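Reader: Could you take me through this one before I set anything up? I'd like to go piece by piece.

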Amino acid sequence: MNKNILEKIAVAAKERVKSAEKSFPLNEIKKTALELSQSTNFPFEKVLCDKDISFICECKKASPSKGIISKDFPYLDIAKEYERAGAAAISVLTEPLWFQGEDRFLSDIAKTVSLPCLRKDFTVDEYMIYEAKILGASAILLICAITDTAQLHNYIKICDTLGISALVEAHDESEINSALKAGARIIGVNNRNLKDFTVDISNSERLRKYVPSDILFVAESGIKTPEDIERLRAANINGVLIGETLMRADNKKAMLDKLRGDE
């Protein structure tokens with residue numbers, strides 16, 4: 001997606017929040033979320049601490065750049081297949097307009113599998129963090145390109161009070177610095193250039209040196225082959241988030257085995 005689309009998605013997300021607040025005000029959703037278990041086990045972070053690279057496998061029906069990826073989208077079957085295949089976590093798109101996501105995809109998957117789930121959406125308001133907790137998410141996505149350092153810091157603090165993790169996404173060195181200043185414990189580097197759609201996994205390799213070793217590092221976008229995984233292993237990447245490559249695979253376990261190098 002280009003920057004213009006990113007901004008449009010962010011504006012639409014703000015409108016979604018305004019609409020949701022009419023029937024479920026902030027003070028009520030906050031109270032409901034805080035009444036849920038506040039376990040500080042942070043399972044999403046734990047699975048990224050494995051000795052080998054961890055696979056975050058994505059349930060995604062569509063995207064702005066690729067259009068419809070899965071027309072029928074049997075999301076529960078996909079999630080269960082990921083679990084059987086040995087995924088560390090599942091990323092679930094809930095953005096409705098450009099990705100055709102739905103909140104129920106996340107809540108249903110979180111109830112069905114034992115893996116930690118990431119709510120993949122465009123967080124533009126604290127409301128969405130409380131929403132994610134209620135939907136069963138173990139983690140949310142925060143995007144530096146649409147969130148300033150002060151907001152990131154505030155959102156991470158809210159996540160901590162709820163016992164959920166924040167995957168803070170950056171694309172360049174300045175965004176890495178913003179994420180670190182905000183107190184990010186997990187930084188995801190997007191290999192997709194938001195300006196021209198190009199994808200280059202060397203972006204993760206290049207930016208790895210700017211992230212301290214005690215901060216978890218996730219590579220996102222454009223990861224398609226066992227050779228890509230080997231490069232990222234060599235760069236001491238903790239985890240990879242893979243969407244389209246797995247979504248288009250008829251046999252997701254076989255594809256995950258191939259990527260791992262288990263074939």
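Predicted model: local features only at pLDDT ≥ 70, side-chain atom pairs only at ≥ 80, totals over all residues.

Reader: Fine. Which residues does V240 contact, neighbours within four places in sequence aside?

Author: Leaving aside those neighbours, V240 is in contact with I53, S54, F55 and I56, with V218, A219 and I223, and with I229 and L232.

Reader: And which residues have the most contacts inside the largest nonpolar core?

Author: That core has 70 residues, and those with the most contacts inside it are F55, Y82, I90, I109, V168 and V240.

Reader: Switching to helices, how do α2 and α6 cross?

Author: The axes of α2, residues 26-35, and α6, residues 126-135, come within 9 Å of each other and cross at roughly 40 degrees. The crossing in which α2 passes α6 is left-handed.

Reader: Which residues make that contact?

Author: From α2 the contact is made by L26, I29, K30, T32 and A33, and from α6 by E126, Y127, Y130, E131, K133 and I134. By class, the contact has six nonpolar, one polar and four charged residues.

Reader: Since E131 is on that list, is it buried or exposed?

Author: E131, which is found in helix α6, counts as buried because its relative accessibility is 15%, and the cut-off for buried is under 20%. Leaving aside neighbours within four places in sequence, E131 is in contact with A20, I29, D103 and R119.

Reader: Now backbone angles. What is the phi of F42?

Author: Phi of F42 is near 45 degrees, a positive value in a residue other than glycine. F42 is found in the loop between α2 and α3, and at 13% relative accessibility F42 counts as buried.

Reader: What about N236, what is its phi and where does it lie?

Author: N236 is not a glycine either, yet has a positive phi of about 60 degrees, and N236 lies in the loop between α10 (226-234) and β10 (239-242). Whereas F42 is buried, N236 counts as exposed, with a relative accessibility of 56%.

Reader: New topic: where is S138, and what does it touch?

Author: S138 has its place in the loop between α6 and β6, and is buried, with a relative accessible area of 14%. Not counting residues up to four places away in sequence, S138 touches P43, F44, P116, C117, I164 and S165.

Reader: Last one, I68. How far apart are the C-alpha atoms of I68 and W98?

Author: They are separated by 9.8 Å, although I68 and W98 are 30 residues apart along the chain. I68 itself is in strand β3, residues 67-68, and is partly exposed, with a relative accessible area of 42%. Its contacts, leaving aside neighbours within four places in sequence, are K61, A62, Q100 and R248.

How values were computed
Residues numbered from 1 in each chain as written. Heavy atoms only, no water. Axes fitted to C-alpha atoms, helices over the stretch in contact; angles between N-to-C directions. Helix = DSSP H or I, 4+ residues; strand = E, 2+ residues; numbered from the N terminus. Left-handed = near helix turned anticlockwise from the far one by under 90°. Contact = heavy atoms within 4.5 Å. Nonpolar A, V, L, I, M, F, W, Y, C, P; charged D, E, K, R; others polar. Buried < 20%, exposed > 50% of the residue type's maximum accessible area, 1.4 Å probe, protein only. Core = buried A, V, L, I, M, F, W, Y, C linked by side-chain atoms within 4.5 Å.
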